[in-house]
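Here is a short briefing for a first look. Start with the sequence and the structure, then read the points below.

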Amino acid sequence: MAEEEMLIVVDEQDNIIRHATRHECHEKKLLHRIIEVLVFKDNTYKEVLIQKRSSTKKVEHNMFALTEGHVGKGETYSLAARREVAEELFCEKELPSDVEIEELFKISKLEGDPTFMQVFRIIHPGPFNIDLVEVGEVFFQDINKVIKNITESPDEYTHSCRYVLEEYQNKFMN
């Protein structure tokens with residue numbers, strides 16, 4: 001049996017205090033680190049990549065999302081973001097060298113989800129070689145249309161996707 005992923009458990013100031021399994025973090029609602037990545041088609045930042053989560057995902061399967069994941073033991077937020085993008089969108093262990101990642105903002109403790117979330121942005125027009133275990137499909141969509149769709153059908157989007165796009169809109173689109 002594969003060893004369960006170890007995550008970073010943090011205090012209220014996002015200082016590392018220990019490590020725990022993903023299961024323990026979720027079961028005991030331990031404060032831990034996650035990342036979200038907005039992937040844009042070009043530097044106009046008008047079209048964002050939306051993922052439809054795989055039907056095999058344990059949580060929020062078949063929902064629309066951004067590239068997201070946990071920060072594992074020994075990783076920084078940035079390393080975790082690079083790893084998740086590489087795994088989910090390129091089926092690679094490392095991000096292609098032409099992909100630059102930009103740190104945008106951090107969100108402290110999502111409602112009902114004990115996490116610190118660091119949000120990143122990259123520009124990449126594709127093509128993508130998605131991991132079908134993680135992701136059912138990907139497509140670019142106008143960010144204003146995504147935000148409108150979230151307002152009209154919030155249950156079709158993951159909690160973190162909704163929250164990140166709301167924060168992004170407040171910080172970069174107003």
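Contact here means heavy atoms within 4.5 Å. This is a predicted model: local features need pLDDT of at least 70, side-chain atom pairs count only at pLDDT 80 or more, and totals for chains, interfaces and linings use all residues. Residues are numbered from 1 along each chain as its sequence is written, and side-chain values use heavy atoms, with hydrogens and water left out. Helices (H or I, at least four residues) and strands (E, at least two) are DSSP runs, numbered from the N terminus. Buried means under 20% relative accessible area, exposed over 50%, and partly exposed in between (1.4 Å probe, protein chains only).

**Phe 172**
- Phe 172 sits in helix 4.
- Its relative accessibility is 37%, so Phe 172 counts as partly exposed.
- Neighbours within four places in sequence aside, Phe 172 is in contact with Leu 104, Phe 105 and Arg 121.
- Phe 172 and Tyr 45 are 127 residues apart along the chain, and their C-alpha atoms are separated by 9.9 Å.

**Thr 158**
- Thr 158 lies in the loop between helix 3 (143-152) and helix 4 (159-173).
- Thr 158 is buried, with a relative accessible area of 0%.
- Neighbours within four places in sequence aside, the contacts of Thr 158 include Arg 53, Glu 60 and Met 63.

**Helix 2**
- Helix 2 covers residues 77-90; at 1.5 Å a residue its 14 residues should span 20 Å, and its end C-alpha atoms are 19 Å apart, which agrees.
- That expected span is 1.5 Å times one less than the number of residues.
- Helix 2 is mostly covered, with 10 of its 14 residues buried.
- Among the buried residues are Tyr 77, Arg 83, Val 85 and Phe 90.
- Cys 91 follows helix 2 and has a positive phi, near 50°.

**Strands 3 and 8**
- Strand 3 (residues 32-40) and strand 8 run parallel, joined by nine bridges.
- Two strands pair if DSSP finds at least two bridges between them.
- Val 39 has Ile 122 in strand 8 as its bridge partner.
- Strand 8 (residues 113-123) is mostly covered: nine of its 11 residues are buried.

**Nonpolar cores**
- A nonpolar core is a set of buried Ala, Val, Leu, Ile, Met, Phe, Trp, Tyr and Cys residues joined through side-chain atoms within 4.5 Å.
- The largest core has 23 residues, and Ile 35, Val 37, Val 85 and Leu 89 have the most contacts inside it.
- Helix 2 gives the most to this core, with seven residues.
- Another core, of 21 residues, lies apart from it and includes Leu 38 and Ile 150.
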